[in-house]
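Keep the viewer open as you read.

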Amino acid sequence: MATMSKSHRPKPSSGSHRLVLLLIIFFAFLLLLSSVISTGKLGLPYQQTLIDYFVTSPRGKRQHTLSDKYLYWGNRIDCPGKNCETCAGLGHQESSLRCALEEALFLNRTFVMPSGMCINPIHNKKGILDRSDDKATEDGWVGSSCAMDSLYDIDLISEKIPVILDDSKTWHLVLSTSMKLGGRGIAHVYGVSRHRLTESHYSNLLIINRTASPLAWFVECKDRGNRSAVMLPYSFLPNMAAPSLRNAAEKIKAQLGDYDAIHVRRGDKLKTRKDRFGVERIQFPHLDRDTRPEFILHRIEKRVPPGRTLFIGSNERTPGFFSPLAVRYKLAYSSNFSEILDPIIKNNYQLFMVERLVMMGAKTFFKTFKEYETDLTLTDDPKKNKNWEIPVYTMDERKKSVS
């Protein structure tokens, strides 16, 4: 076949030339703009790295931009100043996490979330899930930590507060960029109020680091008991469960059908100590009584008719502890849904998150302690109590306060 002569080859159109020129101008402008935003100066060579990354990276549900500023708060979501072995549990760690997310929301910054969460071995016993054989077990799940994205849906959280993980390519790139920016890159702000951080000196910084103090998680949460001061509801993180956990909860709810639920918190709360006279005292004087089956029946009977399916979430490990409830209700536990949970559950924190979603979907739900005025509860004892009082085990015995 004869080759086409040069004179007959199609020539690039002037429109193509203009498109290429416009693209060159656009990227040049983007480079200049990013330099001005981050440094207040004209173009720097490393800015091209950021441009390349944000332009070529695959997009998730949340698109990070060159103008983002970041809040970094340490590489752990755990008990402040402590190690994994002494963590107080998922609820305590979520309190810390919510505090940090609120700070990022207040400062209008992207939150750099630790990629892992510590799990105290005490809270990671398989006995909580393995109820079906009616035997107690002290076997534990493998590992003292888990990946944060195995617990939470990072993209879903980012719809409210932009979040990146501290092991992500984005964070490593931002961190390396901040080192080249000198004083404009990062500031360690221990002791600085959140309101001062909105001033221009801080607001122009690429990264604000609050990890100078091991107690930094709670610096801005001193008033977290004041409901009007809470920017994120307590239900926010429980509803941000990872997709696999939400999917498991939906399957369990579908099998349960029309059901009610109770959350019975006993194991970690029934801690007693003796006073100087050798008398046993506890911070929750009625809790042991109120969370026993015979008293649970009395508490819920007016709200939950007989014959209903009752889903029980609890950290009580005594085999057969809740069996007396079967005289009135059809009992269901997480262990009844092993075909759903076994493929995905690797630790008790994942299990707790699934159970919470299931309990929140119940027609009638009794919590152990009251959090909101409209809550139905198994006990009237306050969730937080500094006094140590004599335990009460019968209905007619009056509560005795410590003098």
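Two rings of Phe, Tyr or Trp (for Trp, the six-membered ring) are taken as a pair if their centres lie within 6.5 Å; planes under 30 degrees apart make the pair stacked, and planes over 60 degrees apart make it edge-to-face. Please bear in mind that the model is predicted. With that rule, a search of the whole structure turns up 5 aromatic pairs.

Begin with Tyr72 and Trp171. Their ring centres are 5.2 Å apart and the planes meet at 15°, so this pair is stacked. Tyr72 belongs to strand β1 (residues 70-72) and Trp171 to helix α5 (residues 169-180), so the pair ties together parts that are 99 residues apart in sequence. Are these two residues buried or exposed? Residues under 20% relative accessible area are called buried. Tyr72, at 19% relative accessibility, therefore counts as buried, and Trp171, at 4%, counts as buried too.

Another pair has another geometry. The rings of Phe321 and Phe322 have their centres 5.0 Å apart, but the planes stand at 85°, so the pair is edge-to-face. Phe321 and Phe322 are both buried.

The charged end of Arg210 sits over the ring of Trp73, 5.9 Å from the ring centre. Likewise, the charged end of Arg289 sits over the ring of Phe295, at 5.7 Å from its centre.

The largest nonpolar core has 57 residues, and the members that touch the most others are Leu101, Phe111, Met113, Tyr152, Ile157 and Phe311. Several helices and strands each supply at least two residues of this core, among them α3 (90-107), β2 (110-113), α7 (243-256), β8 (259-264) and α11 (348-360).

Where is Asp166 found? Look in the loop between β5 and α5. Asp166 has 13% relative accessibility, so this residue counts as buried. What does its side chain touch by a polar contact? The partner is the side chain of Ser115, at 2.9 Å.

How values were computed: Residues are numbered from 1 along each chain as its sequence is written. This is a predicted model: local features need pLDDT of at least 70, side-chain atom pairs count only at pLDDT 80 or more; totals for chains, interfaces and linings use all residues. Side-chain values use heavy atoms; hydrogens and water are left out. Helices (H or I, at least four residues) and strands (E, at least two) are DSSP runs, numbered from the N terminus. Buried means under 20% relative accessible area, exposed over 50%, partly exposed in between (1.4 Å probe, protein chains only). A charge sits over a ring if NZ of Lys or CZ of Arg is within 6 Å of the ring centre and within 35 degrees of the ring normal. A nonpolar core is a set of buried Ala, Val, Leu, Ile, Met, Phe, Trp, Tyr and Cys residues joined through side-chain atoms within 4.5 Å. A polar contact is a pair of N or O atoms within 3.5 Å; within protein, one must be able to donate a hydrogen and the other to accept it, and residues adjacent in sequence count only if both atoms are side-chain atoms.
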